[in-house]
Amino acid sequence: MPKAWECPKWNVTPNSGASSAQRVVSVQPGPLVRTEGSHVTIWCNVTGYKEGVEQDFEWSMYLHTAPDREIRIVSTAQPNYAYAVYSQRVNTREIYVERLSGDSALLHITKLQAKDQGVFECYTPNTDGQYLGTYSARTNLTVIPDTLTVMSSAQSLSKVEGDILQLSCEVTRQTSQHTHLAVGWYLRSPDDPSAQPRDLVTLSRDFVLRPGGPYRQRLTSGDLRLDKTSTTTYRLTIYKLQPTDQGQFYCEASEWIQDPDRSWYAMTRKQSEKTSVKVQPTDRDFSIQVTTDRRAYTAGEPLELRCTIDAQNVAERYFSVSWVFSSSSIAVVGPSAVPVLGANYIEREAAGLLTIRKDSPSVHLLKLQRLLPEDAGKYICRVTEREKTPTGEFIDRSKRSRNVQITVTPQSSNISVSLSSNSSEVMEGEHILLTCSVYSTLGPLSILWQWIDKDGSGPAVDVVAVDRDGTVRPGPTYRERHSYGEVHAERIRSDTFTLALHNAFPSDDGQYLCSATEWLQSGSTPDWTWQQIGEKAATKTIMVKSVESSFFVSASSRTPSVTFGDSFDLQCIVKSRHNPSVPASVTWRFQAAEGDGEFRDVVTFTRDGTLQWGEQLLGLGTRTSVDRTRSNTNFRLSVTQAGRKEAGTYQCAAVLYRRNYDGTWKTIANRTSNLLGISVLQPEKDERTRSDSLAMRKKRTNVRGCRGAVCVRGAH
């Protein structure tokens, strides 16, 4: 009997159970593309048959290479319906028909083979006694290789609650058809392997991320992620692992194709190897301990307290730490490690006297740089943990440490002072440099420099004071000298101070006193007060030697008597150490033997080193030169071709000056040398004739190079 019969179609709509309707057989529209090895189903429905009669279904297929040759597969009515090529597969139920209802069935091919590619036909035998309508329908089935691969390395991992878990899965396919992939991660419970795996998160075929029900909140909060890190790699990340996350993780991928009826079909589905993960629960409890090196301190010493949090996985938990002193908040340090200071400690921290620091996730530090007596009392570390519940709410749990009792003994100063100088004896005009060193200091220092006369009978005179902040304040007596920079005080280091007096006066001779006072800050902000805790002093005697006391002048000559036309030298020796601040001027004076008996200046070496000629000029034809040594102690007057006008008395006069701090000059001493008498003798007649002739020749020569018969040599 033919399987397909076409009769004239009635103009009625087919309806199951209506005797006047035409039979219509419909099959799943093709072409259907399926992968080799997969489980394939093809549905077949029949309508328009006589009501109350169960329909049978017979399946056959036609190869593309032999489109007219029928190959029978399976029938609901005939047990031995299959041809030999399919009989074994039908007998083993690799291929079978599933009835969905009296007029609907599914063809199952549980393991599709490449040779199954072709045209499949569903035929329904006639049950109505007459042939009306269609009795079969066909669909095309295409079989393609299964190229889907899913790989994830099998591992055994041990984690602690709160850790991070990351697993990667490689998914590839080589399908030429237009297909979509869906990739998901699943967790199978270790306690019940037969239970359904938990769906963690899936990237669907339409690229939508879908979490499993219990994991929706964790995906929203960012604690669960599925990232496609490359064209083939899908990475699962779980932050803050929980004990319930323990089990076997695996990746599953499915390849989907859209059928002609616009429905999507999973052609193949594969799983990766499983990774076993154990999650060790953490103890949510924690304890606190405050430690310090000792509990008894002296004011001015540093105090260091450490608060240690003993808990599992501290770095992943949210702790805030509060430091409390005698019920007053010192500071609060949140998870961000930024301290919020109490009102009474803001200025102390700004001054660098308070340190609040998070040394590690579990160790917090409190350090007071200089203890005050008021810092004695009880110190407490209070720790609060903020924990997020699975419902998204926050709960706080707080604990406090035991009291740590700190005692602070008021500070007693133990400083010592030493005073040194550049020299214990200086000359007038030199500088005095004193260095005051203070030892065993605890707090800042202030210094007072004073002068006392040598025998200590007079009152102490304030020279200059250096406050604890380094401010310099000159005393009334030394204020003017200080303004000219002649008195200078400086703090070299926190414990070393200097006093310099430039251009020393004889009145600076005496005892110098360095008084050091040690201070300690006490009280609390904003009412800080400074308390003097100790004072020590040291003295140094400085002798300032007056230049006047060692200042004298002498004159000498090796030739008190010379012959007419000869030369003679006069030496003026000035005994005084050369000092630019205390210079001297030297003048050669002359009293002529045949004159009016008065001394007149011949030449002067001024205090600034210039040469100044006086009103007295020696005789015509006489050559005069002057020079001085570099040390300004020897001034020489040389006279050549002496005549009767050079005969007389010579004297050297010196004036000692000193420069005041205001730039003015003051005469402090006058000295005159002994008198030198020079006699010029007439030569014998013959000698006088020769001398006169020689003198005339020299006169004609020398007058060309000298003016007024006076010449000056350079100093040597």
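**Disulfides and the chain around them**

Author: Start with a bond. Cys-169 and Cys-251 form a disulfide, with their sulfur atoms 2.3 Å apart. Keep in mind that this is a predicted model.

Reader: What is a disulfide, in general?
Author: It is a covalent bond that links the sulfur atoms of two cysteines.

Reader: Is the one between Cys-169 and Cys-251 left-handed or right-handed, and why?
Author: Left-handed, because the torsion about the S-S bond of Cys-169 and Cys-251 is about -75°.

Reader: Which strands do Cys-169 and Cys-251 lie in?
Author: Cys-169 lies in strand β12, residues 165-172. Cys-251 lies in strand β18, residues 247-258. So the pair ties together parts that are 82 residues apart in sequence.

Reader: Are Cys-169 and Cys-251 buried or exposed?
Author: Cys-169 is buried, and Cys-251 is buried too.

Reader: How many disulfides does the count come to?
Author: The count comes to 5 disulfides. One of them joins Cys-44 to Cys-122, S to S 1.9 Å.

Reader: And what is the torsion for Cys-44 and Cys-122?
Author: About -90° around the S-S bond, so the disulfide of Cys-44 and Cys-122 is left-handed. Cys-44 sits in strand β3 (residues 40-47) and Cys-122 in strand β8 (residues 118-123), so this pair ties together parts that are 78 residues apart in sequence. Both Cys-44 and Cys-122 are buried.

Reader: Why does Cys-307 count as buried?
Author: Because the relative accessibility of Cys-307 is 0%, and buried means under 20%. Cys-381 is buried as well, with a relative accessible area of 0%.

Reader: New topic. How many helices and strands does the protein chain have?
Author: The protein chain has 5 helices and 52 strands.

Reader: What share of the residues is buried?
Author: Of the 716 residues in the protein chain, 43% count as buried.

Reader: And the accessible surface, what does that come to?
Author: About 36700 Å² for the protein chain, and 47% of that belongs to carbon and sulfur atoms.

Reader: Last one. What about contacts along the sequence?
Author: Take contacts in the protein chain between residues at least 6 apart in sequence: 61% of them join residues at least 24 apart.

Terms used
Residues numbered from 1 in each chain as written. Predicted model: local features only at pLDDT ≥ 70, side-chain atom pairs only at ≥ 80, totals over all residues. Heavy atoms only, no water. Helix = DSSP H or I, 4+ residues; strand = E, 2+ residues; numbered from the N terminus. Buried < 20%, exposed > 50% of the residue type's maximum accessible area, 1.4 Å probe, protein only. Contact = heavy atoms within 4.5 Å. Areas by Shrake-Rupley, 256 points an atom, 1.4 Å probe, with all protein chains shown as cover. Disulfide = S-S within 2.5 Å.
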